[in-house]
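Dear colleague,

Please find the structure below, handed over for your study. My notes on what was found in it follow.

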Amino acid sequence: MQDWILCAKPSNQSARRLELSVLCHSLSVFLYSADFMLADENSFIVASGTAFGELLIWLCRRDQHDKTWRAYPWREYHGHSGSIFGVSISPTISFGDVDRRLVATCSDDRTIRIWDASGVEEETIAVIQRGAGVPGDAPRTFSHCDKDLTMTWAHSSRVWSVGFATMIHAADEDPSMLLLSTGEDGQAQTWLLDVGKLFSLDQPTSSALTMRYTDHHHAGKNVWAWCHSRNEHDVHFITGGADGQVVRRTYDRNGDADARVMRLAQLFKAIRPSVSDSVPVGTVLAQRTIMLRSYLVAGTNQVIATTDTGLLLRGETACKAASWRVLACSADSQPLVLSSGLAQHHAFFVDRSRSMLCVINVNTSVIRDVCQLRRTRIATVQMAWSKIAPTLQSPHFCIAVSYFRKQDFELIWVTVDAQGSRFSSTYVSLPYTFETTSACVDGEAGVLLLGSRAGAIAVYTGINDRTIFTSPATCRRRTHGEETITSITILKDGLEHSGDELFYLTTGRDGTYCALRLDLRWSGDQNHGDEEDEKLLARLSVIHRGTPPLGPYIEGAQLVKQFDHTQKLLLYGFRSKHFMVWDETNQTQVMAVVCGGAHRSWNLRLNDSTSEEATFVWTKAGAFMFYSQTQADHKILVSGGHGREIKALAVHRRDDSRWLIATGSEDTDVRLFEYTIGVDGIADLKNIAVIRKHTTGLQDLRFSPDGSILFSAAGMEELFAWRLSTVPVLGQGVVFVGALPRTDTQSDARIMSLDIQLSRGPNTFSIVAAFSNGKAKTIEFSCEDHVEDATFTIRSQLDLGTVCLTQVRTVSNPTTTHIQAITGATNGFVTSTGPLQMAAYSSELTTVSHKVHQNSITAMDTKPLTSNHELVVTGGDDNNLALTLARYSPEDNRKPAFRTLTMPNAHAAALTALTVVEDRCYGSGYKGFTIISAGNDQVLRFWRVTIAEGLFPELGQSYGKRTPETALSALGMRERTGQDFSEVQVEFVKEQYTNVADISGLEILHRHPTGDSQIDEHTQSLLVLVVGVGMEVLDIELWDRSASMGTQGAANDQ
């Protein structure tokens, strides 16, 4: 390994030229990482890490006589047990009367270490280089040092980078430094280095480096790139991850990321002195320490709280403490039951000593009695609905009250005005074993929805303030498994929908949220037409289920209006020890607070007009905790996608300017994007849904012909089906409908490729799946409308040996119901299998194999030529592109004949993706196609193919006797069997570079009105979607297709 240190400087003649000089070479130390720091105009410091965990430090100085640069070795440090991936040199630190300089390193041993590099500028002994005239065992000139100043465990996996960001000078304190690190775990961490503790003789240096903040704003693994910038007020820390996302974090000059955040912690025992008893409370305050029981955030710095001794308090928060005032007191010291929601500046609570429902105006602190409840053992009080009356400007509320150990539930309808309050009540009959945990009233539709502790949802219709009694119209069990349904929200986007369809959103502690569609219709005696026998029937179905990365305890949802009058979905809940607010629309974190976990009293208030302003209060270790932010601590500069490389791609055309794109990655996620072209011609790619269910990396994706079902294939024989629909507010709805049953529970085979065809009905599809263990299965999929469980039926199974099947396509016979499957494998063979009968199990299958590539077939596409002829285009890791003509005899379509034309070295590396589009610009007598191929050379190549239609009868006559093969070599067309191949011409047309590495898929975004894969005389350009490590849409101008095709020799010269 020839390691070297290279110096580059602007040329004296031109600032646009660099003069390069080698400072040091032949070090034989396997340099892995380095950093440099300018000491003065004639010297700079170089620190480098090696693959063996060594840290080497040089001083590079320019000789004043001959103006050449020389490297002076200084020290060699040992301490890391793995390769050093990141090195950073600090600026000069003035500490006491001594100037200090530090070096920070990180390694794959998951540690960050700090080293003392003070005095490196004074080194004067030049390095001895290994090379000509120097013995191989010449002594090293570095002085050894095995002691670091401090060390800490950092990320949960390898640490890629570390760097000094800024110096912090606090009054009357030792200087500190802010460090930043990124790792393989996708996290960015901020560290505070106390220089005083680092060089202290009486304090342990292990506490000198402490973590300040950690975040995970990138999907998947690996934060690869980072930088930082400073101004007089802030430090900006910018990271870029494997997901393509660029995130900026902002810290003030003191290293504080909470400049726009207010934090407060107040022990319960410290609350009592700050309480003013403006109402008679007897001896409650004197007897016991105040223990806060429940909370309701009334404003940015205002909190309503209840205590375990029956007090209702109002708290005003300040920078260091909160002042409290008593608003009400229970007569028998029983705890008050406070509603969890606030609406129209009003909140409700129940005084258990009197069984009295009360309302409080949080602005004026005025409390009024509303009504006496039927029972005393009240469990919960929830705000189910609120509205302002347009005539009287009086707020109207619907309060849901549940009771302990009884299947009793009632709605209290309350109107509050200047004279007082008026109420009416509705008794609600609950389903069997139904324990209510959430409630929502749709006042406009007259619908009540209740969520239970066991994941069930009960629906009631015809609800208003005049209803005395109601029973459930339907009850849907296990909507969220057997976990608690925590909230129900109405979904309305302002657009017109069918009057019989209503949409709602639920959250649960199973880690998911659901969009529900409620279908209402009247049913009566159809024979007699008696209107009195008609009743309203309700059917509740799940049309979307999402799994955000904040579970499993998702506690609620809120819709926030945006500037473009659309709505953004925010979800909040607990993940481990954090309370999080998650922007599901933009797939980004809004807030994360370390609170200790889910099992505690808490309350959250989100601003209705901005998605980043939030106030969160909770109880932790006998203290009242308060957190309020005006905006998020980070900003997404560039939105990202998958956390790892994309392996699967599918496209469905919605109309002339909109396409639905599905991508699957090694990060096990499936993402749905919508690509749109506006009237101004500006294109936009937006992530509209994320599907998380697979446990292994994705291998293939396919849409059903009508685009209503998405099929996803992965390892461990996972084949899932997803129903797609449109949901108000959310846009795209995705719900899981079924999985292929595993015949062998021990098998870990991957489903490498799929092909889908419409079968016997609009909701029945034929699937052919290719497995990595050499098996191919034909499957019938059936899924009726409004039925959430689909069925998979295996119709046939074929074992092709020990090869790995990589590609599969189907060929239909229009005269029969049979289909043929064409597979490609790692042995370079194309195999035709059939006939496949989807109506019944197929036992007698015939296979015909044909050698096409020297190695694995990595890409394949097919196009029909006639009812009996198929064009099969393949690409392999032998860098070749091959065209194979397959003829299926009308008499016996089980044994096709093959004929292959090969373009060797079509790419400079393995050909990994291709697609074929029909070109209808050729005259009669010819079939025209355009082939787009891509490889690991990051180049798209375009090929023009013409096939004379007169060739097909000739194929029918000659194929019965033999199977000829042809090859297109660098010397011209050569026919190994002696047959003429002049009727098939292939011409290389153009190539296009792409920024996407490791290309795995290509698709053309067709603008043809029928959505067919074809080019006609109106086509001016092609939109080509390329996926791999990232994704890109290329607008390719078409060539002049009116020109005649070049000769075979010309095509061969490309």
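In this predicted model, four strands form an open, antiparallel sheet in the order β56-β57-β58-β59. Strands here are DSSP runs of E with at least two residues, helices are runs of H or I with at least four, and both are numbered from the N terminus. Two strands count as paired if DSSP finds at least two bridges between them. Because β56 (698-703) and β59 (731-739) stand at the edges with a single partner strand each, one side of each has no neighbour in the sheet. Strands of a sheet pair through backbone hydrogen bonds, either parallel or antiparallel.

Which strand is joined to β59 by eight bridges? That strand is β58 (residues 719-727), which runs antiparallel to β59. Within this region, Ala721 stands opposite Gly738 in β59.

Residues 77-116 are 0% helix and 65% strand, with end C-alpha atoms 10 Å apart. For residues 691-726 the figures are 0% helix, 61% strand and 16 Å.

The chain as a whole has four helices and 80 strands. Of its 1054 residues, 55% are buried, meaning under 20% relative accessible area with a 1.4 Å probe, protein chains only.

Residues are numbered from 1 along each chain as its sequence is written. Local features need pLDDT of at least 70 and side-chain atom pairs count only at pLDDT 80 or more, while totals for chains, interfaces and linings use all residues; side-chain values use heavy atoms, leaving out hydrogens and water.

Yours sincerely

Note on methods
Buried means under 20% relative accessible area, exposed over 50%, partly exposed in between (1.4 Å probe, protein chains only).
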